[in-house]
Amino acid sequence: METEESSERVSTSDGAILSGVLRTLKNVEELLNCSVCYDFMCGRIYQCHNGHTMCLSCKLRVQNKCPTCKQQLGDIRCLSLEKIAESVELGCKYQVYGCLEIIPCCKKLKHEDSCKFRPYKCPRSPWGCPEAIGDISSLISHLTDHHRAKLINDCNFIREFNIEHLGEDERCTWMVNVSHCFGQYFSLFAEASHVISVYHVGCIPVYVAFVYFMGKEKDACNYKYRLEIEGNGGKFVFEGIPRSLREDHLRIMERGDALILMRRSITQRLDIAVRIWKT
């Protein structure tokens, strides 16, 4: 019969083994980090004469010179690390957000690029906001708390976009609002800028507005939206499918998948009428 004391010894032993395994895995992860880009290395792994390792893409970028010790690289492969990378399985880096996948090292980066648990980022991350916010509820809290976004429980609404501060000292101004309807969250994103490089329009003001879908990417196609802006005796209209929150807003603008106006004479306050419906 197993006594309480022996059961406790087994439990303690198991804990020590698990702790040792976790430390070993962490050490392996550190060994497989590229010394240049810090991503996991798989495929061809190179090293300099002093043993500093890097992935193939970084070797091509650093022009055959080790950025750590400044020595010439040559074409020395680190075969031992390549074999480890082929055989070892590691946890997703988004474990803290709920991903429990264990992936072969060579497939880790591909998995993490599309992991459904990867954190959402603020639309203003290129301008200083944190890259990783968290899940949808965390992002909504971030938008309402830090960017004064208004939460609207309606699929039809009008929002005023105040661009009077867009002057010589302010190259860009923006607005974001969150709408809750059909059991989903949507976000109206509007931006006014003097310069958007893709259009090469110099200092002509460019106004952009579109709707994000704040949910699973595959579900975005189940909805459509319509934007209307009235001004200067005319009406500007755009209809489209809300874009996934995973998409970079600059790419959305480059594709023209938004309401885009390039005019000097638009008033400093724009009323944007939004309608969202399920297809």
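**Notebook: patch, helix, strands, cysteines, salt bridges**

I looked up Y97 and found it partly exposed, because its relative accessibility is 36%. My cut-offs: buried means under 20% relative accessible area, exposed means over 50%, and partly exposed lies in between, with a 1.4 Å probe and protein chains only. The model is predicted, so I noted that local features need pLDDT of at least 70 and side-chain atom pairs count only at pLDDT 80 or more, while totals for chains, interfaces and linings use all residues. Residues are numbered from 1 along each chain as its sequence is written, and side-chain values use heavy atoms, with hydrogens and water left out.

**Entry on the patch**

I placed Y97 in the loop between β3 (89-91) and β4 (102-104). Helices (H or I, at least four residues) and strands (E, at least two) are DSSP runs, numbered from the N terminus. Together with V96 and F117, Y97 makes a nonpolar surface patch of about 290 Å². Patch residues have over 30% relative accessible area and no salt bridge; like charges are joined within 9 Å, and nonpolar side chains (Val, Leu, Ile, Met, Phe, Trp, Tyr) within 5 Å. I note that accessible areas come from the Shrake-Rupley method with a 1.4 Å probe, and for residues only the protein chains shown count as cover.

**Entry on α3**

Which residues of helix α3 are buried? In α3 (residues 79-87), I found L81, E82 and A85 buried. They sit on the same side of α3 because they cover an arc of only 105 degrees around the axis. The arc is taken from the directions from the helix axis to the C-beta atoms. K83, E86 and S87 are exposed on the other side of α3.

**Entry on β8 and β9**

I then checked strand β8 (residues 184-193), where eight of the 10 residues are buried. β8 runs antiparallel to strand β9 (residues 206-214), and nine bridges join the two. Two strands pair if DSSP finds at least two bridges between them. Opposite A192 I found Y207 in β9.

**Entry on cysteines**

How many disulfides are there? I counted zero, taking a disulfide as a pair of cysteine sulfur atoms within 2.5 Å. C34 is in no disulfide, and its nearest cysteine sulfur, that of C58, is 3.8 Å away. C34 is buried, because its relative accessible area is 1%. The sulfur of C155 is 5.1 Å from the closest cysteine sulfur, in C181, so the distance is too far for a bond. C155 also counts as buried, at 18% relative accessibility.

**Entry on salt bridges**

I searched the whole structure and found 12 salt bridges. The rule is a side-chain nitrogen of Lys or Arg within 4 Å of a carboxyl oxygen of Asp or Glu.

One of them joins E217 and R118, with the closest N and O atoms 3.5 Å apart. This pair links distant parts of the chain, 99 residues apart: E217 is in the loop between β9 and β10 (223-231), and R118 is in the loop between α4 (105-114) and α5 (136-146). E217 is partly exposed at 46%, whereas R118 is buried at 15%.

R226 and E239 form another salt bridge, with N and O atoms 2.8 Å apart at the closest. R226 lies in strand β10 and E239 in strand β11 (residues 234-240), so the pair ties together parts 13 residues apart in sequence. R226 is partly exposed at 23%, and E239 is partly exposed at 39%.

K235 and E228 meet in a salt bridge of 3.6 Å, N to O. K235 is partly exposed, with a relative accessible area of 48%.
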